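Have the sequence and the 3D view ready, and follow along residue by residue.

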Amino acid sequence: MSYQSAFGITAAAISGGAVPLSSRNEQEPLQTIATVLCCNCGVPIDGTSGLSMCYDCIKLSVDITEGIQRESSLNFCRNCERFLRPPNQWVSAQLESRELLALCLKRLKGLAKVRLVDASFIWTEPHSRRIKVKLTVQGEAFANTIIQQSFEVEFVVIATQCPDCAKSFTANTWRATVQIRQKVPHKRTFFYLEQLILKHNAHRDTISIQETKDGLDFFYSQKNHAAKMIDFLAAVAPIRTKKSEELISMDTHTSVRSYKFTYSVELVPVCKDDLVCLPKKIARASGNIAQLTLCNRVGNSVHLLDPQTLGTMDLQPAAYWRQPFSTLATTLNLTEFVVLDIELTNLKKGKMSLADATVARSSDMGRNDSTYYVRTHLGGILHPGDTVLGYFLSNVNFNHELWDTLDQSKVPDVVLVKKSYPRKKKNKGRSWRLKRMAKEYNEMEDSGNSMSSKQRQIEQDRVERDYELFLQELEEDPELRSTINLYKQANSQNPGRQILPKDSKMEGIEAGDVDMGDHKMAGVENMDVDRAKDSDEDGADDGVSDDGSYEGSLPEVGLDELLDEIDELTLEDGYHEE
């Protein structure tokens, strides 16, 4: 090799370039890679790796998934639809969800010795009680040899019952109860409270709901669930609470005690549209408002209204219970009047307008010429010829200690409360409905009272009458409707009122038997609101003519106020109708 050629090869090597083949020594031997044949299929492989089989044959002959379970089981509670996460935790997981996939992988034994690459569900029939998962793993077959394999695992879903559901179906397994009571002769307050509880889903932690004569009992498995219910009730209603506890058992060695807690909740016995006579001390402390007031609204406090001056006050529960008092008259004592003339004044407060009206009792029409000149807060909605409900105080005497403290010369003859709408019994129907809670009747209390079948029927009629009055209040008060959820009537075609036949059946969310005679309900139901009986015992008109049309200015509930029931948005409407 000459000096120039050697210098060129060295320069090319320093500059990083390739050495031309012509510059190599033709007598220098070429280096070749050693290859061997696969002992199984005969394919040439690299002999320096020390393997005698190719990669494909190793995958076929070596199983890195050996020792991993191919079958397993999952415990599933059909009542609460939760899966068991060992050792004793129950979790909610939807089918083919990440939570269910993680639960399945944790149930497999031997998965720790390989590397998991991928996991996915294989579709199975939902009723087959089988869940299949496809897994892809990587593992070391020989030294410095990693292969990847896929396999399927089948899980059998075993139906069982979780401890929480077992307690709910067993008597006297509760740890805390909330007893709600109100000493009034009707149940309209509890109907409204029921709708508030359903709207805010405040009953989700209850294991049982029991209906009693004077209220409701909510049972819980944990004390903190009952405390959450107490906080909710204090936010929506004027209440006072008393707590008591009962020792169930005690371990003498560890001094661990088990208690049952009872929360007694009493609602203020003042309802909407009640006539209230305030004590002088409370009236003076509230801006010197008149003692004779109307209950305008009930929230977490009692809102009172003076119909003579439009003065208002908020009576807090703490102030009421320091000096409790009863109402003078309730809505059961309302009398119907006819507006003969009305004259507005300049005083206006919100939606209320003060007016001077001349009214006469409906029962006096055609008999005498007795009229009454009153001042009312309903000037914005009353017109001559309208019917209105009010309290007739002329020549009345209440057996009430606060009534005697009033100056009788300043007591009005009539206190108007609300406008009345003509109603008729037959062809009733509404385009909306309410959802109801599943309640159990307290049979022990019923047996203790030894009520006859006739007394039960009278009590049932009274409850249905109160429910119909509550529905009428919802129709007449838009502010009251805005606080609850109203749902569209099933199979309602016309946007207005729906006139249903009398023999139409109730439709519920779940299949459940309804036995109103024993006051039992199974499942959460959507009761048709037109199933309640008419509340007017004297045969008052409903404003519906024989052809189904409505007369007068009966309030209507707009479609924009109604909600669609999610469970009814299916393609199998014919199946549900059957």
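F191, Y467 and F470 together make up one aromatic cluster. Here, rings of Phe, Tyr and Trp (its six-membered ring) pair if their centres lie within 6.5 Å; planes under 30 degrees apart count as stacked, over 60 as edge-to-face and the rest as tilted. By this rule, there are eleven aromatic pairs. The table shows two of them.

| Pair | Centre to centre | Angle between planes | Type |
|---|---|---|---|
| Y320 and F325 | 5.0 Å | 70° | edge-to-face |
| Y372 and F392 | 5.3 Å | 75° | edge-to-face |

Y372 belongs to strand β20 (residues 372-376) and F392 to strand β21 (residues 387-392), so this pair links parts 20 residues apart in sequence. Strands (E, at least two residues) are DSSP runs, numbered from the N terminus.

Y372 is buried at 13%, Y320 is buried at 3%, and F325 is buried at 7%.

Charges can join in too: a charge sits over a ring if NZ of Lys or CZ of Arg is within 6 Å of the ring centre and within 35 degrees of the ring normal. The charged end of R240 lies over the ring of W321, 4.0 Å from its centre. K187 sits over the face of F190, 5.9 Å from the ring centre.

This is a predicted model, where local features need pLDDT of at least 70 and side-chain atom pairs count only at pLDDT 80 or more, while totals for chains, interfaces and linings use all residues. Residues are numbered from 1 along each chain as its sequence is written, and side-chain values use heavy atoms, leaving out hydrogens and water.

Notes: Buried < 20%, exposed > 50% of the residue type's maximum accessible area, 1.4 Å probe, protein only. Helix = DSSP H or I, 4+ residues; strand = E, 2+ residues; numbered from the N terminus.
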